[in-house]
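Here are a few friendly notes to read with the model open beside you. Take the points one at a time and find each residue as you go.

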Amino acid sequence: MTIDSIFIQRFADTGPGTAVAVKDLIDIAGTVTTAGCLGVQRRGLVAEFDAACMAGIRAAERVGDAWIVGKTNLHELAFGAEGVNGVYGTPANPFDSARIPGGSSSGSAVALARGLADVALGSDTGGSIRIPAACCGIVGLKTTWGRVPQKGVWPLAPFLDTIGPMGRTVANVVRGMDLLEPGFATALGHSSIPRQIARVRPTNIPADHAVDAAIDAALLDSGMTVVDVVLRGWNAAHEAGLLVLLGEAWRSDAWLLGGEDDGVSQSGRARLHSGDAITDDQLAAARQVREAMKADLASFFKQFDAIALPTMPLLPPTLEEAASSPLTGFTRFANMTGLPALSLPVPVPHRLRQRETANLPASIQLIGDYGSEARLLQLGALIEHSVAGH
């Protein structure tokens, strides 16, 4: 691992207050936003203004409460869950360099796991905060769609795109939310503690037994009331989410494609072209899935405080295995519905640990009602405390 595989641009080694790393698809005034793509970097477009989501960080910086470490690496154009990057390097998984760091916010997750930042900003369109959190043993929060402004952030699929904080602990993520939304930490203290959890076991993709067992054990240790449920609309949202992602990614980034020397990798080109045949009518119909599910979700969250399931249906795969692994199988639902989701590490029970993966944690994902980030973080803190020392 080299530092360049984590940071595309490094600003400073030390500073006062909270050290913040920023994914390099978020504009910082005076710098080129690369989106992890050589074709974007070559255009040399220097951001005139900070992205809107940077306002709280800049305010904290002015009073010495935060400083920006640098801009972190990512999967090219934020379009990939593996977290690999053939141009800027692939940040090394902190547990096992043969395994993926997770994407697309790979640099942000690895910077945190290596102790190079306290808080990092990532983006999440299909799992791009939660998957690297799961792979690197950290905490990541996908915020409610629209809660954090997207102005000044390189788009992938605007109907799904979100910005959120990442940290080594739940407390770090609370600090990250407070930087994104000043006053959040104060409001957190007035939220009721969640008690009723819906345990979902998706049928479209089976989870590894060890991963499922880790989630169940963490919930049991937390003392929450847990009820197994079948979540209506899961498969429809999963399938519609993929169609929206592919169709909107093509509309966002196809303009970059202009020949063999356009600076877009072969894999990036192939991913973009996977959406070129999706029509506007197909996209519009897929987007309607969110509206169709809102009434059911409102009723669901009157009974339950959160949904619990694994972040990924498997432990972090090797770089060779990743292409055939269902990395976003459990994360895409929250993007398609617009719901917030928190991921944090939980231990695999000793009896189920395999020699080659013995040091890898599993990751629990908690999905809440719209705007329920505070309650998710309270629940995450409870689980984090209950599994400490395992």
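1. Which residue is the bridge partner of Q196 in β8? Please keep in mind as you look that this is a predicted model. The partner to find is T225.

2. Strand β7 covers residues 196-200 and strand β8 covers residues 225-229. The two run in the parallel sense, and 5 bridges link them.

3. Next, look for V174, which sits in helix α5, residues 170-180. Is V174 buried or exposed? Its relative accessible area is 14%, and because buried means under 20%, V174 counts as buried.

4. Stay with V174 and check its surroundings. Apart from neighbours within four places in sequence, V174 is in contact with F184, A185, L188 and L377.

5. Finally, turn to a loop residue. T331 lies in the loop between β9 (306-310) and α11 (332-337). Its relative accessibility is 0%, so T331 is buried. Setting aside residues up to four places away in sequence, T331 touches G126, G127, R130, I131, T311 and Q365.

Notes
Residues numbered from 1 in each chain as written. Predicted model: local features only at pLDDT ≥ 70, side-chain atom pairs only at ≥ 80, totals over all residues. Heavy atoms only, no water. Helix = DSSP H or I, 4+ residues; strand = E, 2+ residues; numbered from the N terminus. Buried < 20%, exposed > 50% of the residue type's maximum accessible area, 1.4 Å probe, protein only. Contact = heavy atoms within 4.5 Å. Pairing = 2+ DSSP bridges.
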